[in-house]
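Here's a quick tour for anyone meeting this structure for the first time. Have a look at it, then read on for the lead points and a set of notes by topic.

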Amino acid sequence: MRAVVLYAIAMADYDQDGVESCERLLTTREGVKTIALYSSSIGRFANAEGAFIYPMYGHGELPQAFCRCAAVKGALYVLRMPATALLVDEEKKRYVGIRLASGQDILCQQLILDPSYEIPSLDMPSDAPVSNLPRKVARGICIISSSVRQDSSNVLVVFPPKSLEEEQITAVRVLQLSSNLAVCPPGMFMAYLSTPCTDAFTGKKCISKAIDALFSTKVSNDLEDHLEKNSEENKESVKPTLLWSCVYVQEIIQGTSGTALSCPIPDENMDYRSILESTKMLFTDICPNEEFLPRNSAPKYASDNDSDSAE
């Protein structure tokens, strides 16, 4: 029960029993806050049993939704027109725009870049020493023949520290999604695995151990015959067959502030809280006198009147 609360609900990443070796101990305040968020998320939708929901067609739909929302508000998007240079005001030591491949210069008051771009800083030498080593997260993507739990299509599996091997110091999380979310063909399932790590070898090893624990690597010559055969067998005692997999390590790039702004890339967390916090800080830098997500910007529903009166 303690492991369930710590690693599946409070979302602790590191072994909380190894105080000396633990890279990040979960504070009581952080744990209570996450548990409260989990509890308040259960039962939000009639067709969602747990506390997690996943966007249709995957996370790639979220930027598209943002683009459409921004376009309605007057934002302008330019496609198939790469930027070839950054424009610098040498006197004020700040970036003031970009130059497009067409030769056109686009001037701006604030420049926001993808965090993967490495640009020289105008505030300090570009060869300044880095104070902290970058964090890493090992990820795995698997296509499997059946669900890890036969009565559920979308499942979250958590391997607490030391559950796969004694040397395991971080939790490994596996998010299984089905074709009803349009992320894989009908009759198959997609599984995403992730765990924070200090080096590529250790991270990939943990992901591979989790894959071996959940899935069978038996390969069939004919995929259709294999799926048909699986449907006739007792699925309760048979592991899902691993049809395809990819394991890699991603470096977590932090956001920057100053002459050029950027948001961090997605991290090892299951939710969007850290991304939302960094977005809020970015918005505050750009628009210090504006409210982030004002209440009157959300659509008004009939149920809102009831909740307002209850308050």
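Let's start with Lys 162 and Glu 166, which form a salt bridge whose closest N and O atoms sit 3.9 Å apart. Salt bridges with shared partners tie Lys 162 and Glu 166 together with Asp 15 in one network. Keep in mind that this is a predicted model. In it, the protein chain runs to 311 residues, and 29% of them count as buried.

**Salt bridges**

- Back to that opening pair: Lys 162 counts as partly exposed, at 43% relative accessibility, while Glu 166 is exposed, with a relative accessible area of 56%.
- In general, side chains of opposite charge can pair when their charged atoms come close.
- How many salt bridges does the structure hold? The count is eleven.
- One of them joins Arg 2 to Asp 17, with 2.9 Å between the closest N and O atoms. This pair links distant parts of the chain: Arg 2 belongs to helix α1 (residues 2-9), Asp 17 lies in the loop between α1 and α2 (28-41), and the two are 15 residues apart.
- Another connects Arg 173 with Asp 13, and here the closest N and O atoms are 2.9 Å apart. Again the pair links distant parts of the chain, with Arg 173 in strand β7 and Asp 13 in the loop between α1 and α2, 160 residues apart.
- Are Arg 173 and Asp 13 buried or exposed? Arg 173 counts as buried because its relative accessibility is 3%, under the 20% cut-off. Asp 13 is buried as well, at a relative accessible area of 11%.

**The chain as a whole**

- The protein chain has seven helices and ten strands.
- Among contacts in the protein chain with a separation of 6 or more, 58% come from residues 24 or more positions apart.

**The β1-β2-β3 sheet**

- Three strands make up an open sheet, ordered β1-β2-β3, with antiparallel pairing.
- Which strands form its edges? They are β1 (83-89) and β3 (105-107), and each pairs on one side only.
- On average, neighbouring strands of this sheet are turned by 30° against each other, direction ignored.
- Between β2 (residues 94-100) and β3 there are three bridges, in the antiparallel sense. Arg 99 has Asp 105 in β3 as its bridge partner.

**Other strand pairings**

- Strand β5 (residues 135-144) pairs with strand β9 (residues 242-252) over ten bridges, in the antiparallel sense. Facing Arg 135 across this pairing is Ile 252 in β9.
- β5 is also joined to strand β8 (residues 189-197), this time by nine bridges, and these two strands run antiparallel too. Ile 143 stands opposite Met 190 in β8.
- Strand β6 (residues 155-159) is mostly covered, with four of its five residues buried.
- β6 pairs with strand β7 (residues 172-178) in the antiparallel sense, and five bridges hold the pairing. Val 158 stands opposite Arg 173 in β7, and Arg 173 is the residue that forms the salt bridge with Asp 13.

**Cysteines**

- For background, a disulfide is a covalent bond between the sulfur atoms of two cysteines.
- How many disulfides are there here? The count comes to zero.
- Cys 246 is partly exposed, with a relative accessible area of 30%, whereas Cys 184 is buried, at 11%.

**Backbone points to look up**

- Lys 93 isn't a glycine, yet it has a positive phi of about 55°. You'll find Lys 93 in the loop between β1 and β2, and at 45% relative accessibility it counts as partly exposed.
- Ala 182 isn't a glycine either, and its phi is positive at about 60°. Ala 182 has its place in the loop between β7 and β8, where it counts as partly exposed at 31% relative accessibility.

Notes: Residues numbered from 1 in each chain as written. Predicted model: local features only at pLDDT ≥ 70, side-chain atom pairs only at ≥ 80, totals over all residues. Heavy atoms only, no water. Buried < 20%, exposed > 50% of the residue type's maximum accessible area, 1.4 Å probe, protein only. Contact = heavy atoms within 4.5 Å. Pairing = 2+ DSSP bridges. Axes fitted to C-alpha atoms, helices over the stretch in contact; angles between N-to-C directions. Salt bridge = Lys/Arg side-chain N within 4 Å of Asp/Glu carboxyl O. Disulfide = S-S within 2.5 Å.
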